Amino acid sequence: MPASLFRSDFPLAAGQQLRNLMPVVKKWAYFDHAAVAPLPSPTAAAISTYALQASEQGDVPWLTWSAQLASLRGAAAEFLGASMTEVALVNNTTHGISLVAEGFPWKSGDNVVVPDNEFPSNSLPWSGLERRGVELRRVRVDPSGVVDLSRLDQAIDGRTRIVSVSWVGFISGYRIDVGAVADLVHSRGPLLMIDAIQGLGAFPIDVRQTQVDFLCADGHKWLLGPEGAGILYLRDEHLDLLQPLGIGWNSLATDNFDPNSLTLKRTAERYEGGAANMPGMLGLGASLKLLAELHHSPGNQSPIAANVLHNVAVLVDRLRSAGFLVILPEEADHQSGIVGISWGTPADTPESLLLAARKHCLAAGVVLSVRGGRLRASTHAYNNIDDIEQLVESLIEFRQSN
């Protein structure tokens, strides 16, 4: 399909609205959201406002900031289809998963099931449980990144307590059917943890509908937030299941800083412990508010998700027309914003060549990554046909010169 056919359709309204708030487009064709995303202007303004207030007033505005954190929890809950009491603010995905991994009431001989292609954040916290007699069972995933539910099923037994899976594979871009995975896992008895960092912000999810038990994501990828500010969801019924770790003044039900108090909050806030990353959380709140407004449309469809997949289709078509090998899930329902790009086999495109291609793209104003033996382009809703053409043309120039 010629890219020119998309010019009359694009930009779609939500994508253009978001693009208008992304200063990065003035300098870069940015395709690295699966690594670290640029900040929208409202997010940068929220962080700047905090910095100015803190420099000029110290802690005088603290109650206002605290109220904004409460608003962030509410916005995150609405974004997930959860209740506000089920959301905790965490430093990052590793932090959130570790709270679940270390706080769960394991018994020696229990096991946790994890695909073998997970990012370290969804692997190391579980492997560290071996000291407590907990077995980590790694389920083989083919190079395609497809998470085979039958293999997950085979790995689960009567001592499996948790299955932890990424919503979207960080290399393959394979997006699981969260509801189908939840149905399988719960039918066998364990609880389900979702590492949502590569999906949340680009695609909608309803934790009530899918019956996810735990979900965590840092905000610095598809949520377009700053690093070091994320959210952890846990179902209300699991509140007392996890032993609170790192408890501190912010875990207490009272606000009088009583060192003898042992009464914890009856919400997920009990897992927050001490002081928050205030500027990061305020920035995340601004990003979440922005995306929440753009995700909604009549018919309960997500314009943001539609734009992401639209961009993927255009990018794939242009790359293939230019003779590049494109690696992504075959079925649209399992595609995400991540597209792998190569010249052929790994022997044809060694990592040194990929790194050189990335460097060339940077010089041409295009940002992307190298992951898993391929270039990784990760497109968000605000990217447009001009960005895509700039990416493809820079790769063609590099190939011709090498």
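Which residue caps the N-terminal end of helix 12? Asparagine 384 does, with a side-chain oxygen 3.1 Å from the backbone nitrogen of aspartate 386. This is a predicted model, where local features need pLDDT of at least 70, side-chain atom pairs count only at pLDDT 80 or more, and totals for chains, interfaces and linings use all residues. Residues are numbered from 1 along each chain as its sequence is written, and side-chain values use heavy atoms, with hydrogens and water left out.

Helix 12 covers residues 385-401 and spans 24 Å from first C-alpha to last, close to the 24 Å expected at 1.5 Å a residue (that is, 1.5 Å times one less than its number of residues). Helices here are DSSP runs of H or I with at least four residues, and strands are runs of E with at least two, numbered from the N terminus. Among the buried residues of helix 12 are Ile385, Leu391 and Phe398; buried means under 20% relative accessible area with a 1.4 Å probe, protein chains only.

Now for strand 7. Five of its five residues are buried, so strand 7 is largely enclosed by the rest of the structure. Phe214, Cys216 and Asp218 point one way, while Leu215 and Ala217 point the other. Its pairings (at least two DSSP bridges between two strands) look like this:

| Partner of strand 7 | Sense | Bridges |
|---|---|---|
| Strand 6 (residues 191-195) | parallel | three |
| Strand 8 (residues 230-234) | antiparallel | five |

Over in strand 8, glycine 230 stands opposite aspartate 218.

Notes. Buried < 20%, exposed > 50% of the residue type's maximum accessible area, 1.4 Å probe, protein only. Polar contact = N/O pair within 3.5 Å; in protein donor to acceptor, adjacent residues only side chain to side chain.
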